[in-house]
Amino acid sequence: MNQFVSPFSNKRVDCYGGSLRNRARFALEITAKIRERVGAEYPIIYRMSVQEYVDGGLALEEAKAFAQMLEEAGVDMIHCSQGVYTSIEAVVPPFGVTRGAFVENAAAIKSVVRIPVSAVGRINDPDLAEAILCSGKADLVTMARASLADPELPNKVRDGRYDEIGRCIGCLQGCLANSNAGTGKVRCLVNPMTGMEDEYQIKPAEKKKTVWVAGGGVSGCEAAIIAAKRGHQVTVFEKNTQLGGQWIAAAVPMCKTEFTTLVVWQQNQLAQLGVTVKYNCEVTAAMVAESAPDAVIVATGSNPVVPKIPGIDGPQVVLAQDVLLGKVEAGQRVAVIGGGLVGAETADFLACHGRQVSIVEMMDALMRDGEPTPKAMLLKRLAQNHVNVYTSMKVTAIEADAVVGEKDGEEVRISDIDTVIIAIGVRANKELEESLSGTYHGEVVAVGDAKRAKNGYLGIQEGFEAGLHI
């Protein structure tokens, strides 16, 4: 129906095209027929794209006029969505879109109709939802992905259990990406139970075990949470002073602050479940041999790949993770070697903070490991901030103030560089798993990057399943 209403898609020259009333005719006829079938007392809710955010698309003033036509036709409520597939970031907004970004659209529609209006789009926090309702800009709020992340959200809010809410982070890795992959399931990074309610059951373990989790990243913490829920006695060993692992650095780039909510939620869960967490403590084979736990979940993560390039040991060469975590300060002119997700996000972060940045990538495109919508938004920011991108280029040397590479058989020199940032990728840290082989006869399960490098969605799924089956 939206394709008929939209001037972006409707190019008809009959009574269903041209003027707004003609373009609205199809939707209004359908509404009339539904009302005829269901009777006067049955509620009809119409979901409309209020703003399409494309050149030549439906804009707010026409949408307000269309909303009045819908009310006159007998619609009982209007659900104010936005966007079309060309502007997919408005239809399913990722973390790069401000929370509650489209509430003003609902307010505009509400100003011209008497029927209730619902707002939608990056409303993933109960306090935000309440503020929208109190402002009078909408009569209802729609929290779809927030409900995938935690179906119990309304009950937890009612009971004042805010710290127990698992929050949507807008990553799209589980919901949109998994669905688009043709799996037939909508999943969720934050909540591995989503879409698997008929296949996963968190049951008490038949035999209660002592379980060690080596590594307090998000995969290890997920494994610990589920194992503890099943009644196991769980201890998490983290070699650093805080939980989160590489997820902490992943939350630093632009627009990704909400990623920290996952770490905070996991910490609260571990505390509530009575899981022991030992900081500044790295598990060794000797420790395992001495204490003999029933099972060890290896969640030791990964190590950055540092290629053998002449000059890579120079003092101006640093790791992307160290820059994001504030361990080192990048200079004014920066070259990032590696244009995967970490490299591109690091470049974006620095460019948005005023640095002059170049990215060098061996492949023919950046972020082949990124989700399409956040990737498109990041590429747009890179262009806006004048980040130089060198694709299909192999770095052959790093000099004191330059990066030298080869592209299409010719030498390319990027000069006047203060800092070189390495973001080639990561490699699984299998040291503990290998040291336990042959010496420890309990269960050993590797999860997350410790098994092989992967994205957060897959890593948390592995942690969840390890806790489920240990």
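Pro192 sits in the loop between α9 (176–180) and β5 (210–214), where helices (H or I, at least four residues) and strands (E, at least two) are DSSP runs numbered from the N terminus. The model is a predicted one, in which local features need pLDDT of at least 70 and side-chain atom pairs count only at pLDDT 80 or more, while totals for chains, interfaces and linings use all residues. Residues are numbered from 1 along each chain as its sequence is written, and side-chain values use heavy atoms, with hydrogens and water left out.

With a relative accessibility of 2%, Pro192 is buried; buried means under 20% relative accessible area, exposed over 50%, and partly exposed in between (1.4 Å probe, protein chains only). Not counting residues up to four places away in sequence, Pro192 touches Arg187, Tyr200, Glu222, Ile460, Gln461 and Phe464, a contact being heavy atoms within 4.5 Å. Pro93 lies 99 residues from Pro192 in sequence, and their C-alpha atoms are 21 Å apart in space.

Turning to the cysteines, the whole structure contains zero disulfides, a disulfide being a pair of cysteine sulfur atoms within 2.5 Å. Cys255 is in no disulfide, and the nearest cysteine sulfur, that of Cys352, is 7.5 Å away. Cys255 is partly exposed, with a relative accessible area of 32%, and Cys15 is likewise partly exposed, at 39% relative accessibility.

For the chain as a whole, there are 18 helices and 19 strands. The C-alpha trace spans about 75 × 65 × 35 Å along its principal axes, and 50% of the 470 residues count as buried. Among contacts with a separation of 6 or more, 66% join residues 24 or more positions apart.
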